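Me: I'd like to learn how to read helices and sheets in a model like this one. Could you walk me through it?

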Amino acid sequence: MQLHGLHHVTAVTGNPGLNHDFYTRVLGLRLVKKTVNQDDTSAYHLFYADKLGSPGTDMTFFDWSMLGANRRGTDSIATTQFRVNGAAALNYWVERLMAENVQHEGISTWAGRAALRFDDPEGQRLMLVDDGGAPYEGEVWDGADVPLDHAIRGFYGVVLHVPNLDRMAILLTQVLNFAELRRETLPTGEALIVFGMDGGGPGREVHVVEVRSGGRANLGRGGVHHVAFRVTDDAEQAAWEQRLARVGLPTSGQIDRFYFKSLYFRVSEGILFELATDGPGFAADESLETLGERLALPPFLEPHRAQIEAGLKPIE
Ligand code: ZN
C-alpha cells in the first residue's frame, strides 16, 4: 500500500491580500477556491492550484492574522517545494523574482537537482525544483502572465526539519511505506534523506533534514500548518486509518472537507500529516471556468452565507 504523492500543503497567512497577490500574480497559480475555515468561519481558507485544481498542486492558506510571525526551527515543515520544467524555467524564475523584488538565493543544487530558494512575503520558505521534464498529470494555469513552459507544475515535495532523523525515518518507511531514495550531507553539515512514495520523483517526495540546534519552530504567519498526501478513495483512506491505529498513532478519523475527505495525524509535536482523497475535487460546487471567483461554502454553511460574508474582509 502506497500513498500517491503530495495532495496539498496548508500554511498560515496574516494578510490575505498580499498572499493572493503573491501566489496568483507573482507565482502564477490559479485561485481555485475561496472559502472559509470550516472550524472558524471568520477566516478565509484560500486554495491556489493549477488550472484544474489537480490533487498535488494546491497550496492552501488559513487566514490567521491573530497569530504572531512564524518562528523557524526544528520539528517543522520547513520548506515547500514546487516543480518547474527544466533549466530554462529556473532561469526564467530568477529573472521574474528579481523583477518583482523578491530576494532569492540563486540556482543551486538540492538533493541532486537544480533548485531556486526564496521566501514568500510573510517568510514562508519556498523552493522551485527542476523536475527534469518528468510527466505532469495536471494542466498549468494559463490565466497568469507566466509562459506555460515555465509555469509551476504543482508540488515537488516538502522539506521537514526534525531533531531526530532516525525516528522520522522509521515512521516514514515502516508505517507510511516510503522508500529511502538518497542520503547526503548538506554543506551545513546536516544530514538529508530523501524519501519517496509510489516510486518517488517529482510530487512524490519528502526530504528530511536533521536539525538539532536552534530550538523548535513555533507556528505562525509564514509557517506551514500541515502537508497532505494523496489517497485514491474512501476505501484506501480507511485502510490507512486501520494501519495507523494498529501502530498506535491517533488520528482524527475521517473528516469531510467537501472538496476531499481528510484524515489527520500528528507525526511529532510540530508536524501534522493528512491523508486526503483525490475526489470529489474543487469543481464539486463551481464550474471549472469560474473556480474561485465567488466565496464558496459547503452546504452546511450555505444557510449562514450572509453572516459569513459580512465577517470577511474583501481580498481584492
Ligand atoms: Zn489539509
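Reply: Happy to. Keep in mind that this is a predicted model. Helix α3, for its part, lies across β9 (155-162), β10, β11 and β12, at about 160° to β12.

Me: In what order do the strands of the open sheet come?

Reply: Read across the sheet, the eight strands follow the order β6-β7-β8-β5-β9-β12-β11-β10, and their pairing is mixed. Strands β6 (104-110) and β10 (179-185) are at the edges with a single partner strand each, so one side of each has no neighbour in the sheet. On average, neighbouring strands are turned by 25° against each other, direction ignored.

Me: How many bridges join β11 to β12?

Reply: Five, between residues 191-196 and residues 205-210, and the two strands run antiparallel. As one case, Val194 has His207 in β12 as its bridge partner.

Me: Now helix α4: which of its residues are buried?

Reply: Buried means under 20% relative accessible area. In α4 that applies to Glu236, Gln237, Trp240, Arg243 and Leu244. Down the helix axis these buried residues fall within an arc of 120°, so they line one face of α4. Their cover includes α3 (165-175), β13 (224-231), β15 (260-266) and β16 (272-280). On the other side, Ala235, Gln242, Ala245 and Arg246 are exposed.

Me: And what comes just after α4?

Reply: There you'll find Gly248, with a positive phi of about 85°.

Methods:
Residues are numbered from 1 along each chain as its sequence is written. This is a predicted model: local features need pLDDT of at least 70, side-chain atom pairs count only at pLDDT 80 or more; totals for chains, interfaces and linings use all residues. Side-chain values use heavy atoms; hydrogens and water are left out. Buried means under 20% relative accessible area, exposed over 50%, partly exposed in between (1.4 Å probe, protein chains only). Helices (H or I, at least four residues) and strands (E, at least two) are DSSP runs, numbered from the N terminus. The arc is that of the directions from the helix axis to the C-beta atoms. Contact means heavy atoms within 4.5 Å. Two strands pair if DSSP finds at least two bridges between them. Axes are lines fitted to C-alpha atoms, for helices over the stretch in contact, and angles run from 0 to 180 degrees between N-to-C directions.
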